[in-house]
Amino acid sequence: MRFWIAVSFAALTLSAAAAQQMSNGEQEYLNSCAVCHGVDGKGDGPLADALRKRPADLTTLTSRNGGEFPYWRVYATIDGRGMIPEHGEREMPVWGDQFLPDDVKRYGPYGGQAVTTERIHNLAGYVQTLQRQ
C-alpha cells in the first residue's frame with residue numbers, strides 16, 4: 001500500500017513553477033490528499049479503488065452539514081491526533097503525525113508544531129473551497 005501511495009504521490013507532485021501559482025492549501029491538498037480524494041475532492045483519486053473504504057466526497061461536506069461548512073470537524077479529521085481509538089480505526093492517515101516530524105526537524109519543536117498546525121489549517125481552508133452548492 002505504501003508503495004502505491006508513493007507512486008501516486010510522485011505522479012501528483014507539482015513542478016515548482018506550477019506550485020507557485022496556487023495557494024499553500026491547494027499545494028498541500030494535491031500533494032497529500034488528492035491521491036485518495038481526487039483532484040476535485042469527489043473521492044475518486046487514483047488509490048480510491050484500492051482502499052477498503054472509499055474516500056469521502058469532500059465536495060458535499062457543507063450540504064451534508066445543513067449548509068454550514070464543518071471547519072473544525074474537517075480540521076480535526078485531517079489532524080487526526082485527537083481522535084479517540086475506541087471509535088474505530090481510521091482509513092485516512094493521521095496527517096498531524098505525518099507532518100510533525102519533518103516540521104520539527106526544520107523548525108524546532110515549537111516552530112514545528114506551529115507549522116504543522118498551519119498546514120492543517122491551510123488544508124481545511126482549501127477543502128472549504130471545494131464545496132458545491
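Author: Here is a short tour, from the overall layout down to single residues. This is a predicted model, where local features need pLDDT of at least 70, side-chain atom pairs count only at pLDDT 80 or more, and totals for chains, interfaces and linings use all residues. Residues are numbered from 1 along each chain as its sequence is written, and side-chain values use heavy atoms, with hydrogens and water left out.

Reader: Which residues of helix 6 are buried?
Author: In helix 6, residues 71-79, they are Tyr-71, Val-74, Tyr-75, Ile-78 and Asp-79. They sit on the same side of the helix because they cover an arc of only 130° around the axis. That arc is taken from the directions from the helix axis to the C-beta atoms.

Reader: What covers them?
Author: The cover includes helix 5 (61-64) and helix 7 (95-129).

Reader: Tell me more about Ile-78. What does it touch?
Author: Leaving aside neighbours within four places in sequence, Ile-78 is in contact with Arg-90, Met-92, Pro-93, Val-94, Trp-95, Gly-96, Ile-120, Leu-123 and Ala-124. Contact means heavy atoms within 4.5 Å. Ile-78 counts as buried, at 7% relative accessibility.

Reader: New topic: how do helix 3 and helix 7 pack?
Author: Helix 3 (residues 24-32) meets helix 7 at an angle of about 100°, and their axes are 8 Å apart. Axes are lines fitted to C-alpha atoms, for helices over the stretch in contact, and angles run from 0 to 180 degrees between N-to-C directions. The two helices are therefore roughly perpendicular. Under 35 degrees counts as roughly parallel, over 145 as roughly antiparallel, 65 to 115 as roughly perpendicular, and the rest as oblique.

Reader: Which residues make that contact?
Author: Helix 3 brings Asn-24, Gly-25, Glu-26, Glu-28, Tyr-29 and Ser-32, while helix 7 brings Trp-95, Phe-99, Arg-119, Asn-122, Leu-123, Tyr-126 and Val-127.

Reader: How many residues are in the largest nonpolar core?
Author: It has 20 residues, and those with the most contacts inside it are Tyr-29, Val-74, Ile-78 and Val-127. Such a core is a set of buried Ala, Val, Leu, Ile, Met, Phe, Trp, Tyr and Cys residues joined through side-chain atoms within 4.5 Å. Helix 3, helix 6 and helix 7 are the elements that give two or more residues, and helix 7 has the largest share, seven residues.

Reader: Why would those residues gather like that?
Author: In soluble globular proteins, nonpolar side chains tend to be buried together.

Reader: What about Gly-43, buried or exposed?
Author: Gly-43 is buried, with a relative accessible area of 0%. This glycine lies in the loop between helix 4 (34-37) and helix 5.

Definitions and conventions
Buried < 20%, exposed > 50% of the residue type's maximum accessible area, 1.4 Å probe, protein only. Helix = DSSP H or I, 4+ residues; strand = E, 2+ residues; numbered from the N terminus.
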